[in-house]
Amino acid sequence: MRTIVSRPPLLAAVLVAGAACWLIPVRLAGADPSPTLGAWIAGAIAALVLTALLIPHARRAAAALTDRPGTPASPTLEGASIGLAAALGAGFGAVLADAVAGTLGRELALELVRDVSLAAFVTAPLALVTLAGARAAAPVKGRELATEPSGSAPARALGSTRRGFLKAGAGGVAVAAVARSVPVAAAAEKTFHLTITDGDIHMIDEVPVFCRTFAGTDGKPQMPGPFIGNPGPFDTGREVLEGDDVLVTVTNLTPRDHTFLIESTGSEEPTRPVVGPVTIPQGGIPVEIRFKAPDAGTYIYRDADRNNRILGMHGVMVVMPGDGSNRPYTNGTPGSLTIPSEFLAQYVWVLHDIDPLLGEYARARPHQQVLDFPFDKITPRYFTINGVSGVESTESLVTVPVFPVQDTAAPQVGTLIRVVNTGVASHSPHWHGNHVFVVMFNERPSKANFVIEKDVMRIAALQRVAVLLPVHSGLDAWPPLDPKKGFEEQEYPMHCHAEMSQTAAGGLYPMGMLTDWRLVSGPQDVAAARARVRSGHKTRRVKAQIARARAANAKKIRWR
Ligand SMILES: [Cu+2]
């Protein structure tokens, strides 16, 4: 299939033959006089030549329509373009056959349009299938990717592209290459795989923003990157306990080098790193990073370069206490606050700021590892929690804690929320409904016999704050919520007090950094409340509103 696609005459022959198989019988069945066999053959030869000549132009036209200059078009776009070229060739051939046989009607243009449309019925799907088949058949090998120069010329010659390939099989390559270079991982070692990639991520208003980031399990760019350790409910990943042997393999599928850093403090520059910065060279060979899990706590992994981190190269590592308890750290850590009870569940809120202009700057410089984009020019326009914002984060169970009112007799209390700022702005989460207890700041437990109760907590860039949110209404709230009397649901917002963060795209309010937490009267009500959260109802409504507003605007601009 690849040979067919890479040679225009062969591809033209396949497409024209397909068109003829449809055009000729349709014409024979019609009422109009049909050309003779000799005339059809002459027409077919002309169609063949014209199509073969048109195919390279069709390819160029498709590439010109692609959103990323210098990147080959998608198989769909290229297939449609080539299919149209073949339909033009076949239509012209049919008209020529008519002319040779003397069966040409008076409406020459009309006949040409009819024959082109008839041919397109066959050539468009045929071209799409052939191209898709050729791409699927292109060999995918870790070694080829590893030795591939950054211009990605060999990949293109195969009819594949680096980018198309990244999207299709990032996970596959990582696994194949790891199998080659890692003999047998020790049984006790906790292994995590990260893949560095880049590409567009769509914001709440459907605007695509270019990101340098880590890939999700589907191979697509994801922000934040996959967790190291288990962040909380609904995640089936392994937990990392302090002192565990951890192996992180990082595979870089971009055409530039990157770095990998886990810093224990909140400092931009590494001062007390757990890991790195380790260089992760381009080329797709996984780099193995082995380390002992540090003290229990919340850590940020990231590219050591700030611009790359803002562009999306960050994620979170959650380390649980060595005694296996549901506490932010092991009780008895000298000088630290004793946490009397275990928590019911934990959540991680990754706060991030996104600047689309920085994204475009990076898109235009795929080979530049360190972008010369000054810090004071960074202007975030999207503010996310766990990669989503506005209504979308209020409809995510990963982000929204839902609990029955605390049973005072239960041994476990409240929910731990690890708030992590991977962005550049300072953020100030404000919890409605109750106060939170600050139990950790960065890598440090709170001091013994001293716990701060907060409503609003300032969290600067790279800081991590773990708070315990009691799952009952505030003790000073009146009237207090009485679960015995029953109530359907209490929905409390959490929003950031840095006001620009409450918008998206410079004005879409309130579509920024906010979420909810919810209380129900008893365990029997949790399932229904969770179903309401994940219904996606508000998100669909808001996205439809945004789409309508955009369409109305586009109309205005057209008529002006
Ligand atoms: Cu507030």
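Which residues touch the most other members of the largest nonpolar core? The views below give the answer, after a note on the model.

This is a predicted model: local features need pLDDT of at least 70, side-chain atom pairs count only at pLDDT 80 or more, and totals for chains, interfaces and linings use all residues. Residues are numbered from 1 along each chain as its sequence is written, and side-chain values use heavy atoms, with hydrogens and water left out.

**View 1. The largest nonpolar core.** Trp349, Ile417, Val419, Trp431 and Val467 touch the most other members of this 27-residue core. A nonpolar core is a set of buried Ala, Val, Leu, Ile, Met, Phe, Trp, Tyr and Cys residues joined through side-chain atoms within 4.5 Å. Buried means under 20% relative accessible area, exposed over 50%, and partly exposed in between (1.4 Å probe, protein chains only).

View 2. Strands are DSSP runs (E, at least two residues), numbered from the N terminus. Those supplying at least two core residues each include β11 (345-354), β14 (415-421) and β19 (464-469). β11 gives the most, with four residues.

View 3. Another core, of 22 residues, lies apart from the largest one. Val240, Val250, Ile280 and Phe291 are among its members.

**View 4. The copper site.** His430 (ND1), His495 (NE2) and His497 (NE2) coordinate the copper ion at 1.9 to 2.1 Å. Donors are N, O and S atoms within 2.8 Å of the metal (3.2 Å for Na, K and Ca); water is not among the atoms, so sites may look incomplete. Along the chain, the donor spacing is H-x64-H-x1-H.

View 5. His430 lies in β15 (residues 429-431) and His495 in β20 (residues 490-496), so the pair ties together parts 65 residues apart in sequence. His430 is buried, at 16% relative accessible area. His495 is partly exposed, at 22%.
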